Amino acid sequence: MKRIERLGLAIAGGNEPPDRPIRVLGIDLGTTNSTVSELRYDPISREIAFAEPISVEQHAFGETIRGALVPSVVAFVNGNPVVGHAAARFRATPDAYHLRESESLFAETKNDIGIGKIYYQAPEGFRTPGEIAGHVLRALYAEATDREPADRVVVTVPASFETRQREETVHGASLAGLDIAPGELLDEPVAIFVESMMNESSCLAESDGRKNVLVFDFGGGTCDVAVFAVTFARNRRPQISPLAVSRYHRLGGGDIDRAIVYEELIPQLVAENGLSKHDLGYDAKRDVLEPLLISVAESLKIELSRSPDLECATQKRTIKVEHDGRSLRLTNPKLTRARFDEIVEPFVDLDLTWDSGNEYRTERSIFAPIEDALDRAGLDRDDVDVVLLAGGAGLVPNIDKAIGEAFTEATIEAFSSSEDAQTAVSRGAAYHAMALELFGRPMVRPTVHEAISIQTTSGRVEIVPKGTELPFPKVGTWHEAAQLRVPRSCDTGTLDLRVEIEAGTDGNLLESRIWEIPAPVERGESLSVLAAMDENKLLQVMLVPASSEANPLSLRIENPVTRVINPGAVRLRIEETERALAAGKVEPDRIWIKLERLADDYADIGFREKALDRYRRALKKRGQPVVGILLQMGLICGHLGDDAGQEKYYLEAAATDPTHYASLFNLALAKWKRDELDDARRYIDMAIDRGGGAAYYVLKARIASEAGDLAAKNRAIEKAEAEFAPVQTLSDFELGWFESLGSLKADPDLVNRASAERKRRLKSTNVAKEHRGELPVYGDGPDAYAAKGAVN
């Protein structure tokens, strides 16, 4: 099959290819690096070439650098923007050029797009992530069109990006002189999928039937996982239904580099200069040494990854740095294969799906986002047919091997070179741009894999059918989905109408809203339900009354049938809170509350030492012990390996409130893990005496089992079984101990029930359900009005 035929794939109703040469561009606006690829169409041969990355020429400190990868770094130097390699060099030694992060030096700002981030100290034109993106896009576009214009440009975004994030990306593109239409903003996993389909050696090139495809894009600063259901049919475009998207913007190849810096290079520097491990504080490590050593760590990582037989990688150079009046040096930094494998091991551990890092770096397994995405898609690893690996960090042999061992039933497709892996997104975007330019339609079209419905007195009424191609209907129009009716008359006040939007046959709640319709309103009055869903998976629903004075009700729901894990704006909230506290903008009697919430946020992103400090400050401001804060401090001390501090805070929490038992449970758990069984038994009994329930008896059974007390173990198991409520009513904490009970009893039924419930919760949107108000009526008969709730 010719490439142009594969690109067109019988696009019904598409345009005939024009009789003129065409050149299109695809741009991958990356977190760490960005790339631009071009693709040409020849009207004489009526064939397209292969998409090729453009080698961008840049100058940095007298050196000319040519390559496809342009660092997504921007510096503001002498009143001018500097983008790419030169800016990245400035980042290594910012103090030497009087540059400061988020003021005159900007990196990894893609993670800030669309969350309202403002760089307050930056000059005009550099104050938002969108403006920084504009500088990067302008540099790429200018280089790509310096000698020849482009007929169309497509820019990619993470599949997890929601409306505000996409809008700010479009704004950044407009600042770069790019006029991006809705179809010219392409999800990165779809770009990787398109690139694979255009590769004749790919298993996707000639596929048939339905395939579950997992795209794993492990870049420098982020880890993106997307799960698709793809339906292939001969001579028809593939239909692609996103099932789940997971984006971890604190997990990427850069975290491996930082692990090398802190676990290997800084200890080498400490040893060479006769320092103790405590002589270098947080600021020295994070602000001085990390920027200086991060490129060294990356080079050592790349060297070992490219040469599997190499036992030790060494940089033949001496790195010098001044700190606190001392001249420090690191001579010939090195990394052995054995140490590299040890450092990478936590990143490929199937069980380490939580963040075990610290202020300096993230240490979390790549399987955290993978398992999240699969769970939310309702799939197991064995259900995956194809895994597509992209991103330069995915070329680390340990990662490639771990993926292969985890997905034994799938075909694993990876790129043969680092450049191919890191430019796959921009090449796929170029193919997408060519399909739009040649045929007026994309190569693949997203579809809705679950029906979307509105709940009525007679059950669910479908408003967007399963399998619908997006956009639906065509852009700028509405689908007249249903005619509903008002359930009763109301002469005064308001009629509270409960509007519930659901997805799938299991009724996953997407939105629950009370619509207050002002009186007068008559029973049976018509309500028109209009629906529209665009290519960016934004669902809009409108309810329009036929004759009432009420204004229409408008709902907007992001990614309604795709389970998206996209970390929120915790960092932004931290910055805003710190700024408010420093500026004295918090009422004195609320400072301790703000500090407590700030500490919670720091703990949430793994900044444990900062969290502990803010908790201490909160207690000092409060002037008296607070059980919840003491409990959190005990937890953090446990994570930091401070056993004495952990016990101190847990006991203080228990002493503060004689009815409090959670801290005693945690202390018993800690003692059990340290094999201090007598203390563990004493504290769990104290916790149970204060009111601890089923989960507490499971821990007691665990402790008794370790102590060899079979009778006590069995008694505790019986108590636990008697006290556990139905699994669907258990908290996440209780559900985990319910599963532990199943393991303790070697009862697969209990384990499977817990696992099934956890997957159900992961698929749920956790939308709060309204319980007041009345559902609208569907149908005209008296039974429709008599129904009390949904009937399925």
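Predicted model: local features only at pLDDT ≥ 70, side-chain atom pairs only at ≥ 80, totals over all residues.
Rolling a probe the size of a water molecule over the atoms shows where empty space is left. I found three cavities of 30 Å³ or more in the structure. I then took the second largest cavity, which holds about 80 Å³ of space.

I listed the residues that line this second largest cavity. Sorted by class, the lining has six nonpolar, four polar and two charged residues.

**Entry 2, cysteines.** A disulfide is a covalent bond between the sulfur atoms of two cysteines. I looked for disulfides and found zero in the structure. I also looked up the accessibility of two cysteines. Cys-203 has a relative accessibility of 32%, so I put it down as partly exposed. The relative accessible area of Cys-312 is 30%, so this residue is partly exposed too.

Next I traced a sheet of four strands. The sheet is open, its order is β25-β28-β29-β30, and the pairing is antiparallel. Its edges are β25 (479-485) and β30 (553-558), each of which pairs on one side only. From one strand to the next, I read an average twist of 20°.

I went through the contact of β25 with β28 in more detail. Strand β28 covers residues 526-533 and is joined to β25 by six bridges, the two running antiparallel. Within this pair, I noted Gln-483 opposite Ser-528 of β28.

**Entry 4, a hairpin.** Which strands form a hairpin with four residues between them? I have β26 and β27 down for this. In the turn, Gly-504 has a positive phi of about 75°. Strand β26 spans residues 494-503, and ten bridges join it to β27 in an antiparallel arrangement. One pairing I wrote down is that of Leu-495 with Ile-517, its bridge partner in β27.

Last, I asked how many of the eleven residues of β27 are buried. Eight of them are, so strand β27 (residues 508-518) is largely enclosed by the rest of the structure. A residue counts as buried here when its relative accessible area is under 20%.

Key
Residues numbered from 1 in each chain as written. Heavy atoms only, no water. 1 Å grid on protein atoms, 1.4 Å probe; cavity = no way out; pocket = protein on both sides within 12 Å on 5 of 7 lines; lining within 4 Å. Points joined across faces, edges and corners; volume = space filled by probe spheres on them. Nonpolar A, V, L, I, M, F, W, Y, C, P; charged D, E, K, R; others polar. Disulfide = S-S within 2.5 Å. Buried < 20%, exposed > 50% of the residue type's maximum accessible area, 1.4 Å probe, protein only. Pairing = 2+ DSSP bridges. Axes fitted to C-alpha atoms, helices over the stretch in contact; angles between N-to-C directions.
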